[in-house]
Every structure is written in structure tokens, then in C-alpha cells.
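Visitor: Could you pick one part of this model and take me through it closely? I am new to reading structures, so please go step by step and show me how that part connects with the rest.

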2 protein chains.
Amino acid sequence: MITVATIKDIAEKLGVSQSTVSKGLNGASDISEELRAEVLETAVAMGYKKPGTKKKSDRKLIVFVENMAYMNEDDFGYDIILGFKQIAYKEHYAVDVIETSRNFQSACTYDSYMMEHGYSGSFLIGYAFDDPWMEQFKTSVTPTVLLDNFVKKNPKVGYIGTDNAEAIDMAITHLIKLGHEKIAFLDGSKDSLVSDQRMAAYLDSMIKHNLHVDPNMAIYSYFVADAAKYHVGKLLGLGATAIVCGNDLIAQGVLEAVVNEGLRVPDDVSVIGFDDIPLAAELKPSLTTIRQNRTELGKSAYFILKAIINDIPMSRSLLRPQLVVRDSTAEARPRMVRAHANDGDSVLNVNPSLYTNILSKERISV
Amino acid sequence: MITVATIKDIAEKLGVSQSTVSKGLNGASDISEELRAEVLETAVAMGYKKPGTKKKSDRKLIVFVENMAYMNEDDFGYDIILGFKQIAYKEHYAVDVIETSRNFQSACTYDSYMMEHGYSGSFLIGYAFDDPWMEQFKTSVTPTVLLDNFVKKNPKVGYIGTDNAEAIDMAITHLIKLGHEKIAFLDGSKDSLVSDQRMAAYLDSMIKHNLHVDPNMAIYSYFVADAAKYHVGKLLGLGATAIVCGNDLIAQGVLEAVVNEGLRVPDDVSVIGFDDIPLAAELKPSLTTIRQNRTELGKSAYFILKAIINDIPMSRSLLRPQLVVRDSTAEARPRMVRAHANDGDSVLNVNPSLYTNILSKERISV
């Protein structure tokens, strides 16, 4: 049995008049901010649903963006939002896009915000493990799709992303065919699900192909070009002939850092990016990378959100990646390991099960 | 650059006339079966595409069923096909349903069959690892969605299923809340991806909850009621107070077998099924089970197939399961382990990493 709370129920629960509740629900300005918040949160907790709007033109969705560039065509988020909007508009949904901050998230409850503004559902991009709203998604009652984030057991919250395991394995397989064995992985930041998935995929793929895994060659950094300079010298010192990167920006930094070390890409070192943002094709040399089709990610996010709105509990959906081979990868040419960077002791023989255990916490099996 | 083969190209390649090729592609009866097969396979290999049909009424999809009951409302496949058809009809696709056999699969090439009959895409249910067509899906060029089967790296072949890891964890968590610790798992047959996923999920969940894993209590059988009688006596002898089953049919057999052992469900032993087919609610006692929403699986399969037809490379999509609590589970009541079944030696302390390694081959991380 489903109990549907009415405005009267909420008024009784709070000991206020029904008109006060209506004002709170509709964002009227003549009640206090505290009371309005209390009305909204009580309404959400009691399972109140605003009556469906009659006009199609009133249907609206929202895209929340946290810590991700999306304003310009070259930005990672641009095509994702474009793809989402393209399909949503076709189906007569209006789409708002707003940027959030941690302060914003802390200041308002996610479900209350959605109810107050009358959104049917949302698509969130760029959120990290420690974003304040992440905890709320575990129990949210609003149809929600997260890019690259997974919440267990909540049928209202779905996950869309690219298959990172398949993606990284494509990169490693490409390098192995070119004769590379000393393949390093310079990942993005530790606070994101995709970083963990890509790191796990790198280790799995190396082990699967019987390549030696050197823990000093599997490094978390940050998803920015500047991250590269702190690590490339060391990786080259360890004898890496190829560096796979957590995204294209890191790869951009690696291209520069390799040159600064007096070596050439791809003659001495092959470099592979991740994402295939427009920049990748413009770099010198043009970047071999793993393409995430961002327009399709956005479109798929819409379809999954629509399914959840229609009570089809989509949990997670992944798109196929695509390897785009350009000029930054070439046949391996073994290099002498330079003395300054490594005396050999730091190259450990790693027990694969160690990695399995370390990383299993973040794994989600199909 | 995409090269599109024409009828002329195929004719030249085979050294036959263009009209012979046309006959082969259109299933005319006045050429030999061998030549027709050769024309079709060459056409597929060369990337030939039949010109798009003009009329919407000509658009058609097919559901292939292998080794799965689907004719009656109570059958597992019934609602899946129904859900698929409901949405497909809405979008003006005709849907054919045919049952295949291993002989049928061996006798014709999948892609050729699809091209010859003019299907835009297919949805396949009930296929096992060793079905002849499974190998062909790795390289198929036809938009295809597999229920409960995953093919790597082929952007034309998607996977739809239920989140088995979350499902089994819901069952184990429910039993733990009722005080059970000796929880057995009687799985389906070894030749299916879902069996492997559910077995891995059982082991993961037990380990996660710090419960002892006894390898003699984690058993593969078959997805039929009769499978239970060969195992239940032994599981009870090992002290199991709860048995989670790979599907509802196995659970049906377990209910009967427990009674035959002189014990009662749920007083002495709790039993949980999987699927929630209509039978589950009719059993005595009614069966606590994990619901797969089959209509929604069918609908989702359609959406994914549609995405793949539109060149959106959906890889895999999972739906949320739902725990349906009925009368076959109750608080644990520890039982004396009977002497005949077990002398204690067969209860091993298992190293969790052993299982991780055994099962990792079948895992697909998100």
C-alpha cells in the first residue's frame, strides 16, 4: 500500500495552517526561510508529491554541474549536456543547468531543492566521493542520474558512464602490440570512482597480459596537465616506454614533461590519453586516446532518467569506449634506465592478489 | 572512411551475376541453398547493408528464445517478451518471436539470418556460454541485445540484466537480520553468467558480513526443482539454517526436500528464491524471493536495442532487484548438526582470496 501525503497531513504534522504549507511548497516569499525549509523537508519525508502539471511545457529537468568545465565546446562537460538537452527537448522537457559548489550543497537538501523548484528529475556531472550531496543520494526519492558515480540499492538513482575496464584494456593491448612492456599509468585523483576503476583496470590488464606490475608506475595524481611534471621524470627513470593517462589533460602535461626530460614522443615514449576532448587532436604530436562519446553519454543519461521517472529501476549503464590511434604512440624502443631515478630496489614483485584486495573495495561487479 | 559494398561488389567477388546476388539477398527460391548462404555470408563480410525500407510498417525486430519457458503467463520469459513488445509496438516495430535450438544455431549464421529476414535488431534470451551463436556475437555486425550475457568490445552487442550482486546481498542481509549465520547457497547451472555472478555475490556478501564460508554450502546445481533433492540433505546436515537459491524453481524443490527431511520451513529452515515468478507467491509457505521485474527487463532491452540501432554503443545495463519478503523466512533457530551428514572435517576454513581468484575470471567490473 502506498500512502500519499497531502498538504493537510503536512500541516497537521507541523502544527501550521495549510496555507502556510502551500506557501512553503511554492516558494512564496512571505514565510520565513526556516519555516519554508521545514515544510519542504517534512513534505519530502512524508512522501508528498506535487500534483502533476497539466501542460507539457511545464515539465522540466535539471543538470547539476560540480567542478567540471562545460561552458565551451572544448570542455569535457559541453557535449554531455548538449546530448542530454537534445533528447530532452525533443520530448518536450525544459532543461536548466546550474553549477553547484560544496557550500551550495551543504546549504540545501537535494530532495527539497528538487521539489521546491518543480523538477521531475536531475542529471549530475562532476561529483566526487566527498561531495555533500553524495550521502543524500543513498536515500533520495527524486529520479536522479549520476555521471560516473554509483549509489547502492536506491531504485531512484541510476549511474551512467563509460566501461573503464574495457577502455584501459584497449590502451594496454594497443601498446603491447607495439612491443611495449614497461607501461606506466598516471591516473587522476583518488576521490573519484572513475580513477579507481581505471587504476583497477590497469592492474587487471597488466596482470592478464603477464606484464610485471611496478607499484611505482601506477600513480594517482590529479585530472590536470600540471600533475604530470611531478611524476614523469620518475616514470622515465624507472624505464617506462609508455605512459597511459587518466585523462587527456594529464596526457597534455606528459607530452610536455617528456620533452623537458630530453626525450621525444612517440620515438622514445608513447603516450595515451583518456576522453578524446577536442584538444587531443590538436596536440603536438596528436594524441592517441580512448574516446568517451560525450554526446551519447548525455543522451543515454536522459534515457535512463526517463526510465527511472517511469519507475523502471535502472541501476547502471555503461557505454563502449573507442580507441583513437593518432601520433603519440609508436613501436617501443627500449631505453637505458637512468641511474638518478632508481636503484632497482623500488621495483617490487607485486602479488596480484594484493591489488585485488586493495581495489576490490571500489569494484562493482555486473 | 566507411566503404559500403554494393550488389555489384558482391557479384564480382563471388563471380556470379548481380541478379543471382539479389536473389540470394531476397530469399528467392530459384537459387541453390548453398549459393544463397554464400551470397549472404559474403554480403555480411563485405559490410553490405540492405537499403532502408520506406514504410514504418516494414520495421521489424526479433526475439530469439533458447532453452527458456515463455509461452504461459507463469513462465519466466513471458513478461520479458511482453515488456519488449509493448514498447516496440508503440514505436511501430513488428516483433517476431522464435525458439532456437543448438542445431538451428549451428545450421545458420546469425548475421546472415538477420539480414536475410530483414530484421533491424534482435533480443536474445536464455542463451548459455556454450550456445553456438555466442561465439558469433563477438564479431556480429547486427544490433543485438543479450539477456544475462556479456560480450566484450563489440559495440553492436549490448547486455541487459538484473544486478545480481545487489540482489544476493539483499537476501543475505535479510537473513542476517533474522539471526542466520549458517547460510547455504544452492545455485543454478555452471554454464551461465548469472550463476557465476550469483555465486560470486554470495561469497562476497558472506565475507563482507564476516560469516564463515563453507565450500560445501556453496553449490552449483541446475535451474530446476528436481536439483534440490540431491543437495538439501547434505546442506541441512552441515547445519544450514537458511538456503538461498539460484531461482524460484530450485527453491520450490528445496521447500519439498526440507519437509522430506522431517523439518519445517520457516521454523527450522529459511528459504529464499530468485526471480519472483508467479509460482513463488503460490507455494506453501509462500516464498521470500528476489524479484527481477521481467516486464521492465523487456522494456529496457528494447531501449538498449534502439540505442544500438542508433549507433549509441550501450555496453551493459542493469536493473535494481527487489527483495519480496513472504513466509519462507523467519528468525534463525540453531539446530543440532546431525551425525550422519558431516563429521566436521569437511567444514574448511576458506581463504577469501582463493574465492576471489577462482571467481575473478567471470567478473566484469563496472
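Guide: Let's start at P285(A), which sits in the loop between α12 (279-282) and β10 (288-291) of chain A. Please keep in mind that this is a predicted model. The peptide bond that joins K284(A) to P285(A) is cis, with omega at about -10 degrees. Chain B has its own cis peptide bond, between K284(B) and P285(B), and there too omega is about -10 degrees. P285(B) is found in the loop between α12 (279-282) and β10 of chain B.

Now follow chain B from that loop into the strand. Strand β10 (residues 288-291) of chain B runs parallel to strand β9 (residues 270-275) of chain B, and four bridges join them. One place to look is F274(B), whose bridge partner in β10(B) is I290(B). β10(B) also pairs with strand β12 (residues 322-324) of chain B; these two run antiparallel and are joined by three bridges.

In all, 34 residues of chain A touch 34 residues of chain B. The two chains bury about 3200 Å² between them, and 57% of that is on carbon and sulfur atoms. There are also polar links: 19 residue pairs are in polar contact across the interface of chain A and chain B, both residues being at pLDDT 80 or more. On the side of chain A that touches chain B, the elements giving two or more residues are β5 (157-162), α8 (164-177), α9 (193-208), α13 (294-309) and β11 (314-319). The largest share, six residues, comes from β11(A). Sorted by class, that side of chain A has 14 nonpolar, eight polar and 12 charged residues.

Next, the charges. Side chains of opposite charge can pair when their charged atoms come close. The interface of chain A and chain B has four salt bridges. One salt bridge links D169(A) with K153(B), where the closest N and O atoms are 3.0 Å apart. In chain A, K153(A) is found in the loop between β4 (144-147) and β5. The phi angle of K153(A) is near 65 degrees, a positive value in a residue other than glycine.

Over all chains the count comes to 34 salt bridges. E91(A) and K306(A) form a salt bridge within chain A, at 2.8 Å from N to O. This pair ties together distant parts of the chain, 215 residues apart: E91(A) is in the loop between α4 (76-90) and β2 (94-99), while K306(A) is in helix α13.

Finally, how do the two copies fit together? The same surface serves both copies, as 100% of the contact residues of chain A recur in chain B.

Notes:
Residues numbered from 1 in each chain as written. Chains lettered and ligands numbered in written order. Predicted model: local features only at pLDDT ≥ 70, side-chain atom pairs only at ≥ 80, totals over all residues. Heavy atoms only, no water. Contact = heavy atoms within 4.5 Å. Buried area = accessible area lost by both parts, 1.4 Å probe. Salt bridge = Lys/Arg side-chain N within 4 Å of Asp/Glu carboxyl O. Polar contact = N/O pair within 3.5 Å; in protein donor to acceptor, adjacent residues only side chain to side chain. Nonpolar A, V, L, I, M, F, W, Y, C, P; charged D, E, K, R; others polar. Pairing = 2+ DSSP bridges.
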